[in-house]
Amino acid sequence: MNKKYKRYLDEIERTEAKIAELQEYLKITKAALKQEEELEMIKAIRSMKLKGRDLFDVLNQMQNGNVSLEISGEAEEPVSPEVNEIAVQEKAPEREDKHDEYEEME
């Protein structure tokens with residue numbers, strides 16, 4: 001078999017393996033990001049220090065889409081009277097670079 005042809009086949013196999021590994025890593029990273037977002041939402045709601053019926057009313061309005069949230073102080077819509085302020089902090093997921101740089105084809 002032609003050496004260049006075999007080298008291309010080998011490179012394709014290595015690249016497909018890297019892609020599969022990166023797709024799995026992306027799936028795990030997205031799940032971790034979603035978990036962090038949920039934790040931030042819980043912290044924001046708990047910081048409001050609402051009890052009983054007030055907490056239920058705010059959560060119910062949020063689910064119905066009747067509450068506007070100010071994001072990083074840049075929102076133009078006024079915040080609902082029931083919610084003083086919930087600042088959603090943008091946080092990049094912590095990432096360990098476990099993947100090597102792509103090798104250039106020879």
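Modeller: The expected span of a helix is 1.5 Å times one less than its number of residues, where helices (H or I, at least four residues) and strands (E, at least two) are DSSP runs numbered from the N terminus. This is a predicted model, in which local features need pLDDT of at least 70 and side-chain atom pairs count only at pLDDT 80 or more, while totals for chains, interfaces and linings use all residues. Residues are numbered from 1 along each chain as its sequence is written, and side-chain values use heavy atoms, with hydrogens and water left out.

Biologist: How do you know what span to expect of α2?

Modeller: With 13 residues at 1.5 Å a residue, α2 is expected to span 18 Å, and its first and last C-alpha atoms are 19 Å apart, which is close to that value. Helix α1 (residues 3-47) passes the corresponding test, because its 45 residues should span 66 Å and its end C-alpha atoms lie 65 Å apart, in agreement. These are the 2 helices of the chain, which has 0 strands.

Biologist: What makes the approach of Asn2 to Lys4 a polar contact?

Modeller: A polar contact is a pair of N or O atoms within 3.5 Å, one able to donate a hydrogen and the other to accept it, and residues adjacent in sequence count only if both atoms are side-chain atoms. At the start of α1, a side-chain oxygen of Asn2 comes within 2.9 Å of the backbone nitrogen of Lys4, and the side chains of Glu11 and Arg14 are joined by a polar contact of 2.4 Å.

Biologist: Why are Arg53 and Asp57 said to form a salt bridge?

Modeller: A salt bridge needs a side-chain nitrogen of Lys or Arg within 4 Å of a carboxyl oxygen of Asp or Glu, and the closest N and O atoms of Arg53 and Asp57 are 3.9 Å apart. The two residues are 4 apart in helix α2, so about one helical turn separates them; Arg53 is exposed at 58%, while Asp57 is partly exposed at 29%.

Biologist: What makes Glu40 and Lys43 a salt bridge as well?

Modeller: Their closest N and O atoms are 3.3 Å apart, and both residues lie in helix α1, 3 residues apart, about one turn of the helix. With 22% relative accessible area Glu40 counts as partly exposed, and with 54% Lys43 counts as exposed. Another pair, Lys34 and Glu38, has its closest N and O atoms 3.9 Å apart, and a search of the whole structure finds 5 salt bridges.

Biologist: What makes the backbone of Lys49 worth a remark?

Modeller: The phi of Lys49 is near 55 degrees, a positive value in a residue other than glycine, and Lys49 lies in the loop between α1 and α2 (52-64). The side of the comparison that concerns glycine is seen just after α2, where Gly65 takes a positive phi of about 80 degrees. Lys49 has a relative accessible area of 70% and is therefore exposed.

Note on methods. Buried < 20%, exposed > 50% of the residue type's maximum accessible area, 1.4 Å probe, protein only.
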